[in-house]
Amino acid sequence: MTRKGNRNALLSAIGTSVVLTTLTAAVPSVAMEVKVFAIGDFVPSSSGGCGGGDRGHWPDMVDAWYDHMAVHGHTKDGQYTDGSMTIQRFCDPDWIGGCLDHQYADEADATMIATHGGDNGDHWVGTMRYSYAGHCGLDGGGNAHDMHLGDYDLEFLHFSSCYSADDDNLNPAGNRGVREAMWDPVDSPVNGRFAHVVTGNHGVMYIRGKYDDDYEDFAHDAHSVGIAYSWVTNSYHSNAEGCEWYDPFNWFGTCQDICPVAVSQGQSDARAFNGIHYERYNNVYSDPSNNNYWYWMGYLGCDPVGEFGFNP
Amino acid sequence: MINLSLPRIAQIVFFSSLVIGVPVAVAEDPPPPDDPRPPSRDEVIALVERALPSLISEDNSGLVKSLLAARLGKPVSENLNVVGSLRDARVFGPRSRPSFDEECSRGFTESGDPSPDPCYARLGEQAGKGAYREFSWSKHLGHGDVKFLRRDADGTVEPSDLKPVSLSDEAAYQTAMAFVVELMGVPPEELISPDELPDGASLPVRSLAIGSVNEKGEKSSVEAYKMVQLPRALKVDLVDPASGRALPRVPATGEAFVLMNDAGVWQAGVRRWRALSPEQVDPAQAKTRSELVNEIADAILTNESYSPIDFLGVKIGLMAGDPTPTQDGIVYPMLPAVEISAAVVPKDLSEEEQNRLGPNTAGFTQEFPLVALTEVSSAPETD
């Protein structure tokens, strides 16, 4: 069949076929507030900033998620790009005065954070543009107390950042690992507010134009299948980067992967499982009442730059 | 005069700081380290020279011709039978009654351009807690996007129901190939057959696992799905004269994935499997190696003028230019290109090395056409 013929047949099918019942448009169930924080233009230490190599396309990449959330009826509630990005927007006022997470990262239902990240012991640390109160790095999870989200509003925390969900930081000895950023040990037990799902990366991720589609599709698909599934399918790239010229498909083992990971938490095994398996942007459960139980989702053996294979 | 003792002053400072929001009593981070010495242009050029094979020479017209001769299969637009796919039991089923987005019948934007958007067919309600399936395809299939999503109703699966997938990697790969070829319009000639792989090469199949740690601290995980990623891989005849290494296939714009377990396929996507036209590029316009090296070095320094580059990855292949509307749909110029991925971080780092590294880590990737672009071949898509 020719292209034209195929297209005509399809339009005919859509218009009159026996398979057709109704024409519907996707309608969001409950609109959420979404925010995105992204740094593409990092400020060298010699210019009074926190350092880091520029990645000019990064804000556009995560903007694809932000824009598409609005297509699904959610409210664009803040797009923060470069500017005076400091830890103040992400840190909890129980940690130090002046922290304003309740006006920024925690004052949304879904937040995306895009910046350089590293592995700082048992947790992720993200680079800011400028220092605040002597802190250039935003430490989140593990034994760090900078970042405790979910006690104000946040349900879904998304990192577009290297090392934001390293296998060894999911469940380190002595703390809740990445989940420490998904609650506030001071306020959450009192007000019963906890984040639900966090998504991030094991090892290093890459910035490139075509990965914009990952973020747009992540936003779309997370209305049809679980947020965790949507993240790990759309952000996973096997053998995508770092290949030698003679090995574009990794037949000789020279390529590296991009390795997405998702984590849920709950007061029971069932609640945590429902978070990782079912919860969507248009099917949001009530907050967990504690975070004693949790699940992770990721690709075993996934081998990114800067890390060994995923093996939590 | 008020006499303030030091402890009293400290109290005032402390409480004032709470009121006016000045931070207190948490140790500061060490100051940011001095900026690293940025890579010099000469260093980056040397890095690029080392990464590129001698296949890329001062006269690349032959290389461009060879790449333009890559064997294309029929485009997705000619292979995909949407009605047939929807009726297939692996998608919706023969007696299913899906609904279609009202946007499906609008093939053009308000400005008259071919719509880049997909059409959605749905079985069930996207919102809510019920089971649901969704199949979508580019309204103009030259764009090459097709997707299938499926979920259970909430509560269908309990943690104890999670079972390890029993499919072997080989079976998963065959299942994935069949799904994208038979139901999503991918031409089989553009996929790598398992029997083409050299000895010791592994299939691009991974297990997607779901895991936890119980109250006793005992770890458990279930390899619940197989994930197969299928790159678009076009057959070519290329040999590097210096090393004698051959490139039997090169990557082209387009990738597919299939997520499955023993209960069938749950998600599948074909992305950017563009309808490519090799006729809009003039091999005589091929860039020289030195032109390409300089262009790549400039781009790297634009992105990374801060840290030294640790290593570069290189792929020689085919990218897509800007789409051109045709009488039958849409087509993209096929552009021979080199893709460069740059990392400031080594491939493998121990935990101790990661801690020392600090956060300046994301890699970046960019494609560079091997030909000087004309209005006909047009600017490349953002890669």
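What is the mean pLDDT of chain B, and what percentage of its residues reach 70 or more? In this predicted model, chain B has a mean pLDDT of 89, and 91% of its residues reach 70 or more. Residues 1-24 of chain B form a stretch in which pLDDT stays under 50. For this stretch, the model has 16 contacts beyond four places in sequence. Where pLDDT is low, the predicted coordinates should not be read in detail. The model as a whole scores ipTM 0.92 and pTM 0.92.

The contact between the chains was examined next. Chain A contributes 102 residues to this contact, and chain B contributes 105 residues. On the side of chain A that touches chain B, the greatest contribution comes from helix α1 (residues 3-16) of chain A, which gives eight residues. By class, the residues on this side of chain A comprise 49 nonpolar, 39 polar and 14 charged. Strand pairing also links the two chains: strand β12 (residues 293-299) of chain A is joined by four bridges to strand β5 (residues 205-213) of chain B, and the two strands run antiparallel. Within this pairing, G298(A) has A209(B) in β5(B) as its bridge partner.

Within chain A, an open sheet is formed by three strands in the order β4-β5-β6, with antiparallel pairing. Its edge strands are β4 (117-120) and β6 (135-140) of chain A, each of which pairs on one side only. From one strand to the next, the twist averages 45°. Strand β5 (residues 123-132) of chain A is joined to β6(A) by five bridges, and these strands run antiparallel. One residue of this pairing is T127(A), whose bridge partner in β6(A) is G137(A).

Helix packing was also examined in chain A. Helix α2 (residues 58-71) of chain A packs with helix α4 (residues 212-221) of chain A at an angle of about 25°, and their axes are 7 Å apart. Because angles under 35 degrees count as roughly parallel, α2(A) is described as roughly parallel to α4(A). The crossing in which α2(A) passes α4(A) is right-handed. On the α2(A) side, the residues that meet α4(A) are D60(A), M61(A), V62(A), A64(A), W65(A), H68(A) and M69(A). Their counterparts in α4(A) are D212(A), Y215(A), E216(A), F218(A), A219(A) and H220(A). By class, the contact of α2(A) with α4(A) consists of eight nonpolar, two polar and three charged residues.

Note on methods
Residues are numbered from 1 along each chain as its sequence is written. Chains are lettered from A and ligands numbered from 1 in the order in which they are written. This is a predicted model: local features need pLDDT of at least 70, side-chain atom pairs count only at pLDDT 80 or more; totals for chains, interfaces and linings use all residues. Axes are lines fitted to C-alpha atoms, for helices over the stretch in contact, and angles run from 0 to 180 degrees between N-to-C directions. Angles under 35 degrees count as roughly parallel, over 145 as roughly antiparallel, 65 to 115 as roughly perpendicular and the rest as oblique. A crossing is left-handed if the near helix is turned anticlockwise from the far one by less than a right angle, and right-handed if clockwise. Two residues are in contact if their C-beta atoms, placed from the backbone, lie within 7 Å. Ala, Val, Leu, Ile, Met, Phe, Trp, Tyr, Cys and Pro count as nonpolar, Asp, Glu, Lys and Arg as charged, and the others, Gly among them, as polar. Two strands pair if DSSP finds at least two bridges between them. pLDDT is the predictor's confidence in each residue, from 0 to 100.
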